[in-house]
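Reader: I'd like to learn how to read a protein model. Could you walk me through a few features?

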Amino acid sequence: MDEYSRFVDWDKMDVSAQSQDTKELTCTDFHELKQLARQGYWAKNHSLRAKVYHKLISNIPCRTVTPDANVYRDIVVKIIGKRSSSSLPLPEFVDNSLIPTYCLNAEGIGAVRKIILCISNQFPDISFCPALPSVIALLLHYSKDEAECFEQVCRILACNDPSKRLIDQTFLAFESSCMTFGDLVNKYCQAAHKLMVAVSEDVLEVYSDWQRWLFGELPMAYIARVFDVFLVEGYKVLYRVALALLKFFHKVRAGQPMESDSIQQDIRAFVRDIAKSVSPERLLEKAFAIRLFSRKEIQLLQMANEKALQQKGITVKQKSLAPPKRQNVHLAVHAENFKSEIVSVKEMRDIWSWIPERFALCQPLLLFTTLEHGCSLSRFYSHSEGHEPTLLLIKTTAKEVCGAYLSTDWSERRRGGNKLSFFGTGECFVFRLQPEVERYEWVIIKHPELASTGSETENHTQPASSTLSSSSIPSDPSDRLSPFLAARHFNLPSKTASMFMAGSSECIIVALGAAYGTAKSGTGIAAMSVMRPELIMKSIIPVVMAGIIAIYGLVVAVLIANALSPEITLFKSFLQLGAGLSVGLSGLAAGFAIGIVGDAGVRGTAQQPRLFVGMILILIFAEVLGLYGLIVALILSTK
């Protein structure tokens, strides 16, 4: 059909869905391009999609040395030789993944294996990348030859933009992405997550399949539409589509008996046959209808999960003769070492599946129980403080079981002094196990006045027994980054970084203004003193006033430096940032004004002495610009 048809088996393709209209894509605006990708502007034109792919991939920022088409032509003969590509073993990093045919002809299927082997030769740092065969098979549809496809895949793998993540290339990144997906399902697909917990023995084993749903099971027409948006918007699209698949699976299969003994197999079968129930347009519409879903949230969860895996030593795939089994939430709660008078092992595993996955890797540690420590609230606080996160379990005299997951340290309740206050993050939740299982998550309070009611009163009822378990994660004194995520869980220097920026940047900015004022005025004084040396001391005033501006910055910098503390809140740190910027930018403006006025003023005063008083008045009003910034900075930094 066109120059990009070499590897395509058109007998297997739906030719009726292809348009022969000659369209061109000329827009370069990101937002416009994003809308066109979501609408499928180039989806029905094979040649146009190939050109768009080439344009988008060529714009990906890559390493300085990235293998291109010429490299492929040089190495393919050395690596493959005259042997058949089908007889050569694939590298270990593809994890024995099935190579999807995606309506490729025999030449195309062989080309996939050859390109994988050549990439293995050029990218020795890739240790785990099961999605790679699918990406190669898809891009072969829109490549003129094997070398062009190889170059495009290499650019995707060699992307060096830290804000633009494309394909996982290590086992640590892949495993943390599975944990991140589990966290996102727990938040955005609660009904589906509840179903997974009910019917699956291993929840995370199900979620570890999420990339296979996309790069393996999803039909060609669907994955191509997903890839259209993925090249424009990045990794976040994959999470969105996987969540949408899970939502549709729950909607279609809820209340129906399982078709097999494994929920994993049922989901795979559903994704393979998704054309029977959902169109590509409806799938993407569902994916982008998920609200409050940000790239920042994914990045934070990914970083936290990677750190949790590194602490557990799970960084490489373990080689074993038995089928690999990833560490999951159930392994942290063993029947032989878990005992409780309140919940059973099965109930505890259900609770463990609700908590963030980076903590679900850890063994529960008993901190307090009324059977051993009594019913003293003070003793309860003394045992629980210093641990986070914690899990509170309560059993009433009526045999009702309820509890709460607390993401922060109990000592946070007194962060406002002696006055008790609300504490925790949006990851906190309360739940009930008896008489029925129910979980109640964090919600946004749209009426702030409701948040303060009831904070002064507490109802104390005598429970039959209570226990507190912790994930034994060492606490970090950092504070909240967002309503849902806590900076203390990610060990990110968010507040310290913003305060350091305030304390350093304002000094730098003020110093620039003072230096400019001094240099500019000094130039005028030097030029004037050649003819009128007796006026040097009289004309030194602009230099003195420029130097005073730097003192304003020094005062605020000292205040900010003294306020540096691990316990400082994010709100306070942004106040410090605002204080630094206010005095810094005001000082910069004042320094420029003093320099320009001082230069022209001293030159004019040498010729007309009556100009001196006017120059002083102008300099005073220029100086107060910096003083205004100092006043605002003092108000902000001491608020």
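Reader: Is helix α13 (residues 263-272) largely enclosed or exposed, and why?

Author: First, a word on the source: this is a predicted model, where local features need pLDDT of at least 70, side-chain atom pairs count only at pLDDT 80 or more, and totals for chains, interfaces and linings use all residues. Residues are numbered from 1 along each chain as its sequence is written, and side-chain values use heavy atoms, with hydrogens and water left out. Now, buried means under 20% relative accessible area, exposed over 50%, partly exposed in between (1.4 Å probe, protein chains only). Helices are DSSP runs of H or I, at least four residues, and strands are runs of E, at least two, numbered from the N terminus. Helix α13 is largely enclosed by the rest of the structure because eight of its ten residues are buried. Among them are Ile 263, Phe 270 and Val 271.

Reader: What covers the buried residues of α13?

Author: The cover includes α8 (190-199), α9 (203-207), α10 (210-217) and α12 (236-253).

Reader: How should I read backbone angles?

Author: Most residues other than glycine have a negative phi, and most peptide bonds are trans. Here, Tyr 102 has a positive phi near 50°, and Cys 103 has one of about 60°. Tyr 102 sits in the loop between α3 (69-80) and α4 (106-122). Tyr 102 is buried at 6% relative accessibility, and Cys 103 is buried at 17%.

Reader: Which residues does a cis peptide bond with omega about 10° join?

Author: That bond joins Gln 434 and Pro 435. Pro 435 belongs to the loop between β4 (429-434) and β5 (438-441). The bond from Glu 388 to Pro 389 is cis too, with omega near -5°.

Key
Contact = heavy atoms within 4.5 Å.
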